[in-house]
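Please open the model in your viewer and keep the selection tool at hand. The tour below moves from one selection to the next and says what is to be found at each stop.

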Amino acid sequence: MSQTLSLLAADVQVPDAPAPMTPVPLGSHDEPSIRTAVPGPLAEAHIAFDEMYTSPSLPRAYAIVPVRGEGTVIEDIDGNRFLDFSAGIAVNVTGHCHPAVVEAIRRQAGELLHYSASDFYLPIYAHLAAELERLAPMAGKTRVFLGNSGTEVVEAALKLSRHTTGRQNIIGFLGGFHGRTFGSVSLTASKAKYHAHFSPLLPGIYHVPFGSEGLDELEQRVFHRLMPADEFAAVVVEPIQGEGGIVVPDDDFLPRLRRICDEHGILLVADEVQSGMGRTGKMWAIEHWGVEPDMLLTAKGLASGMPIGALIAKEHLMTWGAGAHGSTFGGNPVSCAAALATIDLLEHGGLMENAAERGAQILRTLGPLAAQYPGVVRDVRGVGLLMGVQFDSGATAAAVAHAAFRRGILVLTAGDDVVRMSPPLVVTEAQTAVAARIFIESIEEVAASR
Ligand code: PLP
């Protein structure tokens, strides 16, 4: 550490996480409890410390400094209690620190922390692969590659698509988000800032609008005037766009995309990094349309917060040989243990049913907002617990997200003008009602200030 930095560091009070302030378990609270201005004094001090050392590229939506979580409740460094309708960007599907997930992690951590499954035979890696093969929304046999994150399995899918088809080009959709490493960021088309100053990006990626009009464009413009269909290896699609603003496609889109892929030998890759793991009320969002992908990608919710990602591909596509692809940490045993516990809870803990019911509850409560606040709220949409409220502008969406934060509800913006709600799938009816009420109060506050 340079002397200047050490002096600066000495000036900033870096608080330790305070002792628990809540006398009853965090998760049993329905109402948020905001006891300081937010950000509070400890949060302010921590943010000053953070900003000395961390990469300025981190987007940081607002000043929450979480130190403890249980279920749908997050406590910040000042002891403020929030209802978490963001879940660390749609990650903690079983809620924060679910006891079964924590116990699985503890047990595995005491047995084996790491042994690379790329070079050796790690039992729990194969167990998780077998579970994902069982859950895959494909009729025939599949195989699984495990990575550490969403972007890493998007890269794996791009490589496998080229490898197995011998073709180079890829189709993506405007508004799509697939990650931030070179292949995945080239496929991402939600905001130009993700591409700025990083060129040249991966060549051979063609973007069309998301929805049936985009498929018209694909067939009439791209295949006809730009690149023949038989030069495309894959199309990568989010069945419901997340980061792009919770965009649910028209019902014809995915079945027609499947038909186009079949006609031209193009692989259909479903990026379910955000929409998968029960979030929409089914294990995979693509199941709502009865469409079978050739490959499916999952990450975020897979291990309830532990880093992991999976590429599930039809067996006949996994033509690559030993050494063609791998990862030192991918399928880390502790993450695999958390994933197995997560799958068990999703299948036997009623979480997917709850996602469907709570999503319907949010739609019932917030659905009328577009009529009640014309010119402010434009749309309320989503499936299960992947919900979005669209506003008249990005500024309004950001203001509502901040107002909700100050009142104790954590949400996150998405797309140009949407507030996204993606709470843990354990969220209760009472917590959902409270969050919806406070969200409406936040809209009222913003609407009244204009
Ligand atoms: N794909 C989708 C649909 C995503 O939403 C994201 C992240 O938000 C990614 C891929 C990238 O995942 P990660 O941030 O784990 O690299």
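Begin by selecting strand E9 (residues 295–298) together with strand E10, which run antiparallel and are joined by four bridges; two strands count as paired if DSSP finds at least two bridges between them. Within this pair, Thr-298 stands opposite Ala-310 of E10. The model is a predicted one, in which local features need pLDDT of at least 70 and side-chain atom pairs count only at pLDDT 80 or more, while totals for chains, interfaces and linings use all residues. Residues are numbered from 1 along each chain as its sequence is written, and the element names refer to DSSP runs, numbered from the N terminus, with helices (H or I) of at least four residues and strands (E) of at least two.

Now colour E10 (residues 309–314) by burial: six of its six residues are buried, so the strand is largely enclosed by the rest of the structure. A residue is called buried if 20 or more other C-beta atoms lie within 10 Å of its own, exposed if 12 or fewer do, and partly exposed in between, with C-beta atoms placed from the backbone. In a regular strand the side chains alternate between the two faces of the sheet. In E10, Gly-309, Leu-311 and Ala-313 point one way, whereas Ala-310, Ile-312 and Lys-314 point the other way, and all of them are buried.

For a second sheet, select E1, E2, E3 and E13, four strands that form an open sheet in the order E1-E2-E3-E13 with mixed pairing. Strand E1 (66–70) and strand E13 (409–410) stand at the edges with a single partner strand each, so one side of each has no neighbour in the sheet. Between them in that order, strand E2 (residues 73–76) and strand E3 (residues 81–84) run antiparallel and are joined by three bridges, and Ile-74 stands opposite Phe-82 in E3.

Two packed helices are described by the angle between their axes and the distance between the axes. The axes are lines fitted to C-alpha atoms, for helices over the stretch in contact, and the angles run from 0 to 180 degrees between N-to-C directions.

Select helix H4 (residues 99–111) and helix H10 (residues 333–348), which pack at an angle of about 150° with their axes 8 Å apart. That angle makes H4 roughly antiparallel to H10, given that angles under 35 degrees count as roughly parallel, over 145 as roughly antiparallel, 65 to 115 as roughly perpendicular and the rest as oblique. Among the residues that make the contact are Ala-104 and Gln-108 of H4 and Ala-338 and Leu-345 of H10, where contact requires C-beta atoms, placed from the backbone, within 7 Å.

Then move to helix H13 (residues 394–407) and helix H14 (residues 429–448), whose axes come within 8 Å and cross at roughly 125°. At that angle H13 is oblique to H14, and the residues in contact include Ala-399 and Arg-407 of H13 and Phe-439 and Glu-445 of H14.

The last stops concern the backbone. Most residues other than glycine have a negative phi, and most peptide bonds are trans. Which peptide bond is cis, with omega near -5°? The bond from Val-38 to Pro-39 is, and Pro-39 lies in the loop between helix H1 (3–11) and helix H2 (41–53). Another cis peptide bond joins Ser-199 and Pro-200, with omega about 0°, and Pro-200 is found in the loop between helix H7 (182–187) and strand E6 (205–208).

Finally, select Ile-89 in helix H3 (residues 87–90), which has a positive phi of about 65° although it is not a glycine. Ile-89 is partly exposed, with 15 other C-beta atoms within 10 Å. Ile-246, in the loop between strand E7 (232–237) and helix H9 (253–264), has a positive phi near 50°, and this residue is buried, with 27 other C-beta atoms within 10 Å.

Notes:
Two residues are in contact if their C-beta atoms, placed from the backbone, lie within 7 Å.
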